[in-house]
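Me: I would like to go through the terms used for this chain and see what each one rests on. Please set the values against the cut-offs.

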Amino acid sequence: MAFSRWLAAGLLTIASAWVQAQSPTSLPAAPPVSAADKASGPPADFVAPADPKPDENNAARAKSQPGNNAPFWRSVRQSGEVEGVTNLPGVEKGVLIQRFVTYPASDHTNAGEAWRQVRNRVIIPYGGSLMLIVLVAIALFYFRRGAVGHEHPESRGRIERFTPFERAAHWLNAIAFVLLGISGVVMAFGKILLLPWMGHDIFGALTYGLKTLHNFVGPLFAVSLLVIILTFLQDNIPRAWDWLWIKKGGGLFTGEEVPSHRFNAGEKGVFWIGAFVLGLTVVASGLVLNHLIPNMLYTRGQMQAAHMFHAVAAVLMLCIIFGHIYLGTLGMRGAYRAMRTGYVSEGWAREHHELWYEDIQAGKIPAQRSSASPSPEPRTQPRKA
C-alpha cells in the first residue's frame, strides 16, 4: 500500500511539471502574417453588421441578416389588417391572407378559413338535416291525417279567391323559386349526393349549367317576389282573430277548423317570415353575390358574409315553402284548384275561411274581384230522362 501511494504521488508530480511546460508563456511565437493572407481577409475599415431587429422591414433585414425574409412573410400574414403594396388595380389586391376573425362555429382563423368552417360545419350538415326532417314530418303527417277539409260540390255560388293577375304573379314566383331551389340544393349538396355516382365530368357540366340558370333566374324571382309582397300585403296584416288560430294550431291536429279571413294566421306566417323576411334576405344577399348592387366594393369578406346569409335564409325558406306546397296540393282539398282556376265554392270558403265568407255574404267584399268574367271549370250537366 505504501508503495502504491508513493507511485501515485510521483505520477502527479510528473504530470504537473509537463502542464507547466506547455503554458502560453513557454509556447513558441506565432509565425508572421504574409501579404497574401492580408489580401484575402476583410478590409481594414470593415464593420460587422448589427444584429437583426424584430421591427425592421424586409429591406433592412436583407442588410442585417441576408436570406432571412421573416418581415416579408409576416406582412403577408397580416395583410388582412394592413394591406400590402401592389401595382395591380382593384380592391383588396394587396391582401393575400384575410384578417383573423371568429364566426359562429368557427375557430379564430383567417376569414376565408372561418367561412369554410361555417359552411362545412353548420350550413351543410344542419341545413341538410333540417330539410330532411321537415320532409319526413310532412310525409308522416299526411299518412297519419290525410288531406284536410271536405269535398264541396260545384254550385252557382262561386267566389273568386284569386284574380288572374294574382295567379300569374304567384305562378311566376313559384316557378322561379323551384328552379332556384333545385339548382341551389344541387350546388350545396351535390358533391356529397351526386358526384360519387355521377362522375366529375357529368357533375361538373350539371353544376355549371345550374349555376348559370341560378344567376339568371334570381333577378326574376326578386321582381316577382316584390310583386307578391305588394299584391298580398293588405290581406296579410295581422288581426285579432289570428291569435285564436295560432292557439288552436289551425285545427290541423284536432280537425276543428278555426274561423279566419281570406288568409289565416298560418298563411300570414308564410307571407311575413317566408316571403318578407327570408325572401328579401335571399334576394338582397343574392344581389351581392351576383355583383348587381352599384357602388359596392365586393370584397372577399362581404361576399363570404353574403353567402352565409344567403344559404341560411334559403334553407329556412325552403323548409317553410315545403309546408306551403304540401297544404296547397295534397294537404288540403280544393286548395290547388283555387290557385289554378282562381275560384272556390261557397262551401269551401265557409269551411276554411269563415270570416272571409261572411264578409262576402254581407256585401263588404265582392265575390267577383276581377273585371273579367268568371271562367270556372266545366261542370257535368245532369242528363235528362
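Predicted model: local features only at pLDDT ≥ 70, side-chain atom pairs only at ≥ 80, totals over all residues.

Me: What makes the phi of Tyr 298 worth noting?

Reply: Phi of Tyr 298 is near 60 degrees, which is a positive value in a residue other than glycine.

Me: Why is Tyr 298 called buried?

Reply: Buried means under 20% relative accessible area. Tyr 298 has 16% relative accessibility, so Tyr 298 counts as buried.

Me: Which loop holds Glu 92, and what is said of its phi?

Reply: Glu 92 is in the loop between α4 (70–77) and β1 (100–101). Its phi is positive, about 65 degrees, although Glu 92 is not a glycine.

Me: How do you know whether Glu 92 is buried or exposed?

Reply: The relative accessibility of Glu 92 is 19%. The cut-off for buried is under 20%, so Glu 92 counts as buried.

Me: What makes Pro 125 partly exposed?

Reply: Partly exposed covers what falls between buried, under 20%, and exposed, over 50%. Pro 125 has a relative accessible area of 34%, and is therefore partly exposed.

Me: Where does Pro 125 lie, and which residues does Pro 125 touch?

Reply: Pro 125 belongs to helix α5 (residues 111–145). Leaving aside residues up to four places away in sequence, Pro 125 touches Arg 119 and Asn 120. The C-alpha atom of Pro 125 is separated by 9.4 Å from that of Phe 189, and the two residues are 64 residues apart along the chain.

Me: Why are α5 and α6 called roughly perpendicular?

Reply: Their axes come within 11 Å and cross at roughly 90 degrees. Angles of 65 to 115 degrees count as roughly perpendicular, and α5 and α6 are therefore roughly perpendicular to each other.

Me: Which residues of α5 and α6 meet?

Reply: From α5 come Arg 119, Ile 124, Gly 127, Gly 128 and Met 131, and from α6 come Met 187, Ala 188, Phe 189 and Ile 192. By class, the contact of α5 with α6 has six nonpolar residues, two polar and one charged.

Me: Why are α6 and α11 called oblique?

Reply: Helix α6 (residues 164–193) packs with helix α11 (residues 300–328) at an angle of about 130 degrees, their axes being 12 Å apart. Roughly perpendicular ends at 115 and roughly antiparallel needs over 145. α6 and α11 are therefore oblique to each other. The crossing of α6 past α11 is left-handed.

Me: What residues make the contact of α6 with α11?

Reply: α6 supplies His 170, Phe 177, Gly 181 and Val 185, while α11 supplies Met 317, Leu 318, Ile 321 and His 324. Five residues of this contact are nonpolar, three are polar and none is charged.

Me: How do you know that the span of α11 is close to what is expected?

Reply: α11 has 29 residues, and 42 Å is expected at 1.5 Å a residue. From its first C-alpha to its last, α11 reaches 40 Å, which is close to that value.

Me: Which residues of α11 are buried, and what do they pack against?

Reply: Among them are Gln 304, Met 308, His 310, Cys 319 and Tyr 326. The buried residues of α11 pack against α5, α6, α8 (200–232) and α10 (265–289).

Me: How many helices and strands does the chain have?

Reply: The chain has 14 helices and four strands. Of its 385 residues, 31% are buried.

Methods. Residues numbered from 1 in each chain as written. Heavy atoms only, no water. Axes fitted to C-alpha atoms, helices over the stretch in contact; angles between N-to-C directions. Helix = DSSP H or I, 4+ residues; strand = E, 2+ residues; numbered from the N terminus. Parallel < 35°, antiparallel > 145°, perpendicular 65-115°, else oblique. Left-handed = near helix turned anticlockwise from the far one by under 90°. Contact = heavy atoms within 4.5 Å. Nonpolar A, V, L, I, M, F, W, Y, C, P; charged D, E, K, R; others polar. Buried < 20%, exposed > 50% of the residue type's maximum accessible area, 1.4 Å probe, protein only. Expected span 1.5 Å × (residues − 1).
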